[in-house]
Amino acid sequence: MNIIHQPSRHRFELEHFPSCYIEYTLEENMLTVEHTIVEETMRGQGIAGKLALATYQWAKAHHYKVASHCSYMDIWMKRHNHQS
């Protein structure tokens, strides 16, 4: 299960399943997660968590703070003790 970064689309996507993605915005030193979408037939496989982790790790590696307008990402960051 590979996660692909699509910077021109501001997304991290599940390889071969672009309908499963996290969409984000970048502004100055802040990456803000806007949406986490996993198609219904793909749910329950940990895809959203893998998307969240890939997004968070990329942001931190590139010195961005992480914020969220997405309820899934809010819960994920709290569950994993990640802060911006």
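Predicted model: local features only at pLDDT ≥ 70, side-chain atom pairs only at ≥ 80, totals over all residues.

Q: Is arginine 9 buried, exposed or partly exposed?

A: Arginine 9 is partly exposed, because its relative accessibility is 43%. Glutamate 13, on the other hand, is buried, with a relative accessible area of 6%.

Q: OK, and how many salt bridges does the structure hold?

A: There are two. In the other one, the side chain of arginine 11 meets glutamate 13 at 3.5 Å, N to O. Both arginine 11 and glutamate 13 are buried. Through shared partners, the salt bridges link Arg9, Arg11 and Glu13 into one network.

Q: Nice. Switching to helices: which residues of H2 are buried?

A: H2 covers residues 71–79, and its buried residues are Met73, Trp76 and Met77. Looking down the axis of H2, these fall within an arc of 95 degrees, so they line one face of the helix.

Q: What covers the buried residues of H2?

A: The cover includes strand S4 (30–37), helix H1 (47–61) and strand S5 (65–68).

Q: Let's look at H1 then. What span should its 15 residues have?

A: They should span 21 Å at 1.5 Å a residue, and the end C-alpha atoms of H1 are 21 Å apart, so the two agree. Buried residues in H1 include Leu51, Ala54, Tyr56 and Ala59. The buried residues of H1 pack against strands S1 (3–6), S2 (11–14) and S3 (17–27), along with S4, S5 and H2.

Q: Which residue takes a positive phi just after H1?

A: That's histidine 63, with a phi of about 65 degrees. Just after H2, asparagine 81 also has a positive phi, of about 55 degrees.

Q: Last one: where is threonine 36, and what does it touch?

A: Threonine 36 sits in strand S4, and it counts as buried because its relative accessibility is 17%, with the cut-off being under 20%. Leaving aside neighbours within four places in sequence, threonine 36 is in contact with Tyr21, Ile22, Ala48, Cys70 and Tyr72.

Methods:
Residues numbered from 1 in each chain as written. Heavy atoms only, no water. Buried < 20%, exposed > 50% of the residue type's maximum accessible area, 1.4 Å probe, protein only. Helix = DSSP H or I, 4+ residues; strand = E, 2+ residues; numbered from the N terminus. Arc of directions from axis to C-beta. Contact = heavy atoms within 4.5 Å. Salt bridge = Lys/Arg side-chain N within 4 Å of Asp/Glu carboxyl O. Expected span 1.5 Å × (residues − 1).
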